Amino acid sequence: MKTAGLLVMPAGFFLVVAAIALFSSLTMRSIFVLCGLAVECLGLGIAVRSHMAARGEN
Amino acid sequence: MDPYAALPLPQSAFVLGLCLLLVAPLAIAGVALINAGLGRSRSAAQSLLGSLVLVAVAIIAFAIVGVAFGYGETGYTFSIAGKPWDWIGAGSFALSGFSAGTVQYQLATLFEFISVAFAVLIAWGSGADRFRILAGAAAACILAAFVFPMLAYWVWGAGWLAQLGFNFTLGDGFLDPGGASTVHVLGGLSALAVAWIAGPRKGKFPKEGLSTAMPGHNAVYVLFGCLLALVGWLAWNMAGALMWADLPPTELTVTAINTLLSASGAVAATFTVTRVRFGKPDASLCANGWLAGLVTSSACAAIVSPMQALLAGMVAGLITPLLVELLELFLSIDDPSGAITVHAASGIWGLVAAGLFSSQQGQFLAQLVGIAALLGLILPLVYLLFWLVNLVLPFRVDADGERIGMDLHELGGNAYPEFVVHRDDSYR
């Protein structure tokens, strides 16, 4: 699951890159950049959750 | 700023920059001392020797390989939507032609040498009491040879983040004169990768109940390290402002004052939070708060006003103890030095603050794009690279090594051979 979470994070980054490359309006760029960051946070959340699930194994 | 640009750097600015960069390594010394103090007594010598080894390996790897990717007259470029995206430098390996470079190039390269040494040290503290020196050195080598140079080129060179303003009219492009992203966020995210891969210390997170408190062994080291780091940080931020924010020497005092205000605001906030929450201020958390303020200042000291720097520092100081608690109690991440909070979270906050307080249109968005690159690309990349290193050179020491302590296991002798081992310092 940690790997899955870490794979989601670059998807958010590419959304950010697409936003600044494809849109010229600052508002549209801002919305899509925030969406990209939200996707990255989602991926980070999944990775953190999977780490928590392994608690006590050490 | 393009270090190859033909702009003449006044000789006085060159001498000032060089002098500042000679003092800046005190920040590294301070953090190394803090890392040693926050670990256990039976791993103190290994912690400090490891710091030396990691710094040495990083400097050598950067000199031979990294310097080629960190800078170059030309970079490797591809095109998206008709715009050039410089993603890595294409300079010379092994510092060939270094002495013939411009003074800007030479100063910038020296700045990067010191920065890479600091960046690799940050994750070392998170692996305290279990991270093997050899594995740490391998991880440092990879960071210094590939990851740091690429990020430095993006931010300080002619890379795509620095060009966001020119290519996409996003303010002045991604701004980070003091290395909050290239040094601290990179180091903090590496610390997260190390904490995940090495796992928690034995007995830290029992299956049932709260996590076990494992306090640092020497609060004096930790607090003195904070004062030592301040001296280095002042020089560091001023050098960064001179080189990357193009501030004239006459405006550097504001950068220094901002650095002081940010650190002071942060420690005051952390002192208050811990005093309210626990009844008494917590020394190690206050040290973390102080460092968090300094890290925040790395991003914004050269850009914001003194009161904005104070506010940014206070927010960092408020967040730090809460986030340290969140990581330990709820997210089961064992980070003895608090590097993830202090360097990654505070660095990201500093970058956000630099955008928030800017009057340039699009600057905030440029900062967010930089943060997205750090989280979305650099963290997975560092985790993948460290995971591969861990397959060849395991990060974590074996159970017996952890039981007797890293000093005895890796060095064959203790840092404090005449110390009496207390019951609460013994193996759980």
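**Figure 1. Length of helix H9(B) in the predicted model**. Helix H9 of chain B covers residues 252–278. At 1.5 Å a residue, its 27 residues should span 39 Å, and the C-alpha atoms at its ends are 39 Å apart, so expectation and model agree. After the helix comes Gly279(B), a residue with a positive phi near 90°.

**Figure 2. Packing of helix H8(B) against helix H9(B)**. Helix H8 comprises residues 219–244 of chain B, and its axis comes within 9 Å of the axis of H9(B), with a crossing angle of roughly 140°. Because angles over 145 degrees are needed for the roughly antiparallel class, H8(B) counts as oblique to H9(B). The crossing of the two helices is right-handed. On the side of H8(B), the contact is made by Leu230(B), Trp233(B), Leu234(B), Asn237(B), Met238(B), Ala241(B) and Leu242(B). H9(B) contributes Leu252(B), Thr255(B), Ala256(B), Thr259(B) and Ala263(B). Sorted by class, this contact contains 9 nonpolar and 3 polar residues, with no charged residues.

**Figure 3. Packing of helix H8(B) against helix H10(B)**. Helix H10 comprises residues 283–300 of chain B; its axis and that of H8(B) are 10 Å apart and form an angle of about 10°. The two helices are therefore roughly parallel to each other. Residues of H8(B) in this contact include Ala219(B), Val222(B), Leu223(B), Cys226(B) and Ala229(B). Among the residues that they meet in H10(B) are Ala287(B), Trp290(B), Leu291(B) and Leu294(B). Leu230(B), Trp233(B) and Asn237(B) of H8(B) take part here and also in the contact with H9(B). By class, the contact of H8(B) with H10(B) has 12 nonpolar, 4 polar and no charged residues.

**Figure 4. The hairpin of strands S1(B) and S2(B)**. Strand S1, residues 75–80 of chain B, pairs with strand S2, residues 83–89 of chain B, in the antiparallel sense over 6 bridges. Gly75(B) has Gly89(B) in S2(B) as its bridge partner. Between the strands lie 2 residues, and Ala81(B) in this hairpin adopts a positive phi near 55°.

**Figure 5. Contact between chain A and chain B**. In this view, 23 residues of chain A are in contact with 26 residues of chain B. Helix H1 (2–22) and helix H2 (26–53) of chain A are the elements that give two or more residues to the side of chain A touching chain B. H2(A) supplies the largest share, 11 residues. By class, this side of chain A has 14 nonpolar, 6 polar and 3 charged residues.

Methods
Residues numbered from 1 in each chain as written. Chains lettered and ligands numbered in written order. Predicted model: local features only at pLDDT ≥ 70, side-chain atom pairs only at ≥ 80, totals over all residues. Axes fitted to C-alpha atoms, helices over the stretch in contact; angles between N-to-C directions. Helix = DSSP H or I, 4+ residues; strand = E, 2+ residues; numbered from the N terminus. Parallel < 35°, antiparallel > 145°, perpendicular 65-115°, else oblique. Left-handed = near helix turned anticlockwise from the far one by under 90°. Contact = placed C-beta atoms within 7 Å. Nonpolar A, V, L, I, M, F, W, Y, C, P; charged D, E, K, R; others polar. Pairing = 2+ DSSP bridges. Expected span 1.5 Å × (residues − 1).
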